[in-house]
Amino acid sequence: MRCFFYTRLIIFLLFINVWIAQPVAADTRYIIRGIEGEVLTNVEAFMPIFPEAKAIAKKSFQIKLKSQLQQALQALGYYSASIDISIEPTTAEPILSVLIIAGNRVQVQHFDWQILGEGKNEPDIKGVFSASALKLNSPLHHGLYEQLKQNLLDQGLSLGYLDAKFSQA
């Protein structure tokens, strides 16, 4: 009899645990309009896991979301994007509607790299620039920019320049 009681208690506790662990707003959906391709993929990567449905209507949530989406766009060179967030009520969970007008993408127009110190004449360090995917008159992509900086540091380290650093980014 006692074993039966404990078995039922364990099953009940497991049921409660599974019920409580369900995501609160798994049905909250969103629609992103106005962008496509790599930009859309990056914006979707920045979309948060949604809180309760009534929380998405709060201005604070929308301000934070707008800031996150601006970061996603800036990472690909879109600094003058316009983002409009609205809530489309439905019979179930509300739909978050995001309209993004990306604007003009910043183009790389000038490089001003200065290598100072003992490694300034190293051809292998200078070769990192030509091997980079970041080129003049191409769209600014912060991932490529950060990769170029890391490749420069890595090349410097491999040549024994242990104190290599950037003085301005």
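Which residue in strand 3 is the bridge partner of D84? The bridge partner of D84 is L99 in strand 3. This pair belongs to a predicted model, and the report below sets it in the context of the whole protein.

## Overall organisation

The protein contains five helices and three strands. Read from the N terminus, its elements follow the order α-β-α-α-β-β-α-α.

Of its 169 residues, 25% count as buried. The accessible surface amounts to about 11900 Å², and carbon and sulfur atoms account for 57% of that area. When contacts between residues at least 6 apart in sequence are considered, 60% of them join residues at least 24 apart.

The three strands form an open sheet in the order 1-3-2, and their pairing is mixed. Strand 1 (29–33) and strand 2 (82–88) are the edge strands, each of which pairs on one side only. From one strand to the next, the twist averages 20°.

Strand 1 and strand 3 run parallel and are joined by five bridges. In this pairing, I31 has S97 of strand 3 as its bridge partner. Strand 2 and strand 3 (residues 95–101), by contrast, pair in the antiparallel sense, over seven bridges. Here S82 stands opposite I101 of strand 3, and D84 has L99 as its partner.

## Cover over the sheet

Strand 3 is mostly covered, with five of its seven residues buried. Helix 3 (residues 59–74) lies across strand 2 and strand 3. The direction of helix 3 is at about 140° to that of strand 2.

## The packing of helix 2 and helix 3

Helix 3 also packs with helix 2 (residues 37–46). The angle between these two helices is about 145°, and their axes are 9 Å apart. Their crossing is right-handed.

On the side of helix 2, the contact involves V39, N42, V43 and F46. These residues meet Q68, L69, Q71, A72 and L73 of helix 3. By class, the residues of this contact comprise six nonpolar and three polar, with no charged residue.

Is A45, which lies in helix 2, buried or exposed? A45 counts as exposed because its relative accessibility is 63%, and the cut-off for that class is over 50%. The C-alpha atom of A45 is separated by 9.4 Å from that of L69, a residue 24 positions away along the chain.

## The loop around N137

Where is N137 placed? N137 belongs to the loop between helix 4 (123–131) and helix 5 (142–158). The residue has a positive phi of about 60°, although it is not a glycine.

N137 counts as exposed because its relative accessibility is 62%, where the class requires over 50%.

## Summary

Strand 3 runs parallel to strand 1 and antiparallel to strand 2. Helix 3 lies across strand 2 and strand 3 and packs with helix 2 at an angle of about 145°. Two residues described above count as exposed: A45, which lies in helix 2, and N137, which lies in the loop between helix 4 and helix 5.

How values were computed
Residues are numbered from 1 along each chain as its sequence is written. This is a predicted model: local features need pLDDT of at least 70, side-chain atom pairs count only at pLDDT 80 or more; totals for chains, interfaces and linings use all residues. Side-chain values use heavy atoms; hydrogens and water are left out. Two strands pair if DSSP finds at least two bridges between them. Helices (H or I, at least four residues) and strands (E, at least two) are DSSP runs, numbered from the N terminus. Axes are lines fitted to C-alpha atoms, for helices over the stretch in contact, and angles run from 0 to 180 degrees between N-to-C directions. Contact means heavy atoms within 4.5 Å. Buried means under 20% relative accessible area, exposed over 50%, partly exposed in between (1.4 Å probe, protein chains only). Accessible areas come from the Shrake-Rupley method with a 1.4 Å probe; for residues, only the protein chains shown count as cover. A crossing is left-handed if the near helix is turned anticlockwise from the far one by less than a right angle, and right-handed if clockwise. Ala, Val, Leu, Ile, Met, Phe, Trp, Tyr, Cys and Pro count as nonpolar, Asp, Glu, Lys and Arg as charged, and the others, Gly among them, as polar.
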